Amino acid sequence: MSSSTLDSMINHSKVDKYTHHDYYGIDELLTEDHLLARDAVRDWVKQEVSPIIEAYSEKAECPTHLFKGLAEIGAYGPSLPTKYGGGGMDEIAYGIIMQELERGDSGIRSMASVQGSLVMYPIYRYASEEQKMKYLPKLGSGEFIGCFGLTEPDHGSNPSGMVTNIKDDGDAYILNGAKMWITNSPVADVAVVWAKDEEGKIRGMVVEKGWKGFSAPEIHGKLSLRASITGELVFEDVRVPKENVFPEIKGLKGPLSCLSKARYGISWGAIGAALDCYDSALRYSQERIQFGKPIGQFQLTQKKLAEMITEITKAQLLAWRLGSLANEGKASPSQISMAKRNNVAMALDIAREARQIHGGMGITNEYPCMRHMMNLETVLTYEGTHDIHLLITGYDVTGLNAFS
Ligand code: TGC
Ligand code: FAD
């Protein structure tokens, strides 16, 4: 997109919004580094995302020019070591960066979640040293864009049923199959792909754009996450050099360990979307006059706002405690599931309530609530659906597995 077209899409009146809402003084639990990271990302979102996001969302176009900027603010792998392209910070810093990105838009947070947690993290954790040095610095700097292929057309919630497969062919494996609903795939330079080997074990590998037999067509018609680009991955006898296949990790725990990392980030990210809706609704309730008084003076509006800030505060405390556990290496997958499920559902409820407070104006793109609401329908579904996370908690507390 040319810079003049981009300039015409900028809504300058949106540059100065956002009030800081910290009802329980959670800032006091954060370090100077956390606050610096948060404020830097918040400012970047105000300048680069908020003024353009409604226009990109309306056109269902991904603002791909932001991939570089996200790298510059350290949004890719904030808690990965700097040697491997990450930010060298802790898990709370990672979470709070996701929160500020999703205050702008869930699709922008997705761009960063996929790159950092679903592409850089598996390469960092499972690839050979040579492969790490080949891919990670380029991914960390935004020179390469990555995507993560787990879901298939017939295997979403149950990835262990996947049919994408690799067969040994001397110095390479031959990859066949298809992946569906893959964030960033049409613009990705590399894809982390999960496929079954000849023993039926799930293996991970890095596949590069341009390899013969590999294509990534875009999926159109999304009414949610419209500023994020989504596609398929199609593999027809793709030759994957053996060094590109992760040597040790076998089984579903490979991709699920990456999902734990990304789901953790979403549990913080969703708070950002909720805060943006709450912020907008609070302002509107103080400015909009009906029956001779601000609508915020009506008890029913106050009930909505009071419940919103209560739920946001509970979600912030859950995320902060989960972050502390993650910093100690003690956050379990089921604790992460609880936070992802609770915080995304909380944000979706708040987006709906905030939309109501804006009355008819709430359905327009003058206000962010409807866009967040539509986005959050995806967030509720990807990285494990709302009900799958409930069943993970159910298994954890009963010891009885609903999936087997
Ligand atoms: P199950 O037998 O429970 O587990 C298989 C093995 O994995 C281990 N494990 C985990 N390891 C690390 N982290 C986790 N979170 C783990 N959860 C389980 C487990 O201990 C076991 O290990 P081992 O050594 O015994 O082999 O597997 P199952 O087949 O019964 O499935 C369980 C279930 C349903 C919970 C799982 O399949 C699941 O989570 N399904 C949801 C699928 C999902 O979340 N897909 C997401 C696709 S990626 C995406 O949506 C990206 S969106 C990106 C964006 O734009 O932001
Ligand atoms: P299904 O698994 O078919 O589920 C349909 C319904 O059945 C859901 O309500 C589900 O909760 C319910 N259900 C399924 N099993 C059970 C059960 N055992 N008990 C009770 N209810 C059940 N995937 C990737 O790999 N990489 C990506 O980058 C990626 N990005 C995405 C981006 C977008 C915009 C979207 C929409 C999805 C993305 N996904 C990605 C895929 C996403 O993870 C899946 O959509 C999700 O895991 C659900 O799978 P499904 O859509 O096949 O639904």
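A few conventions come first. Because the model is predicted, local features need pLDDT of at least 70 and side-chain atom pairs count only at pLDDT 80 or more, while totals for chains, interfaces and linings use all residues. Residues are numbered from 1 along each chain as its sequence is written, chains are lettered from A and ligands numbered from 1 in the order in which they are written, and side-chain values use heavy atoms, with hydrogens and water left out.

I begin with ligand 1. Around ligand 1 there are 25 residues, of which Ser-110, Thr-183, Ser-260, Arg-263 and Glu-383 come nearest; a residue is near if one of its heavy atoms lies within 4 Å of the molecule. Several polar contacts, that is, pairs of N or O atoms within 3.5 Å, can be named. A polar side-chain atom of Ser-110 is 2.8 Å from an oxygen atom of ligand 1. For Tyr-382 the corresponding distance to a ligand oxygen is 3.3 Å, and for Ser-160 it is 3.5 Å. On its own, ligand 1 has 1,200 Å² of accessible area, and the protein covers 72% of it; such areas come from the Shrake-Rupley method with a 1.4 Å probe. Helices here are DSSP runs of H or I with at least four residues, strands are runs of E with at least two, and both are numbered from the N terminus. By class, the shell has 11 nonpolar, 10 polar and four charged residues, where Ala, Val, Leu, Ile, Met, Phe, Trp, Tyr, Cys and Pro count as nonpolar, Asp, Glu, Lys and Arg as charged, and the others, Gly among them, as polar.

I turn to ligand 2. Its shell has 18 residues, and Phe-148, Thr-151, Ser-157, Trp-181 and Thr-385 come nearest. A backbone N or O atom of Trp-181 is 2.7 Å from a nitrogen atom of the ligand, and a polar side-chain atom of Thr-183 is 2.9 Å from a ligand nitrogen. The side chain of Thr-385 places an N or O atom 2.7 Å from an oxygen atom of ligand 2. Taken alone, ligand 2 exposes 970 Å², of which the protein buries 66%. Elements giving two or more residues to the shell are β3 (172-183), α10 (369-381) and α11 (386-398). The shell divides into nine nonpolar, seven polar and two charged residues.

Finally, the cavities. How many cavities of 30 Å³ or more does a search of the whole structure find? There are two. A cavity is a set of points, on a 1 Å grid over the protein atoms alone, where a 1.4 Å probe fits but cannot get out, and lining residues have an atom within 4 Å of a point. The largest cavity has a volume of about 130 Å³, volume being the space filled by probe spheres set on the points. It is lined by 15 residues, with Ile-26, Asp-27, Ile-96, Gln-99 and Gln-316 closest to its centre. Domain 1 (26-141) and domain 3 each contribute at least three residues to this lining. The second largest cavity holds about 30 Å³ of space, and Lys-261 is among its lining residues.

Notes: A polar contact is a pair of N or O atoms within 3.5 Å; within protein, one must be able to donate a hydrogen and the other to accept it, and residues adjacent in sequence count only if both atoms are side-chain atoms. On a 1 Å grid over the protein atoms alone, a cavity is a set of points where a 1.4 Å probe fits but cannot get out, and a pocket is an open set with protein on both sides within 12 Å along at least five of seven lines; lining residues have an atom within 4 Å of a point. Domain bounds come from an automatic or database domain assignment.
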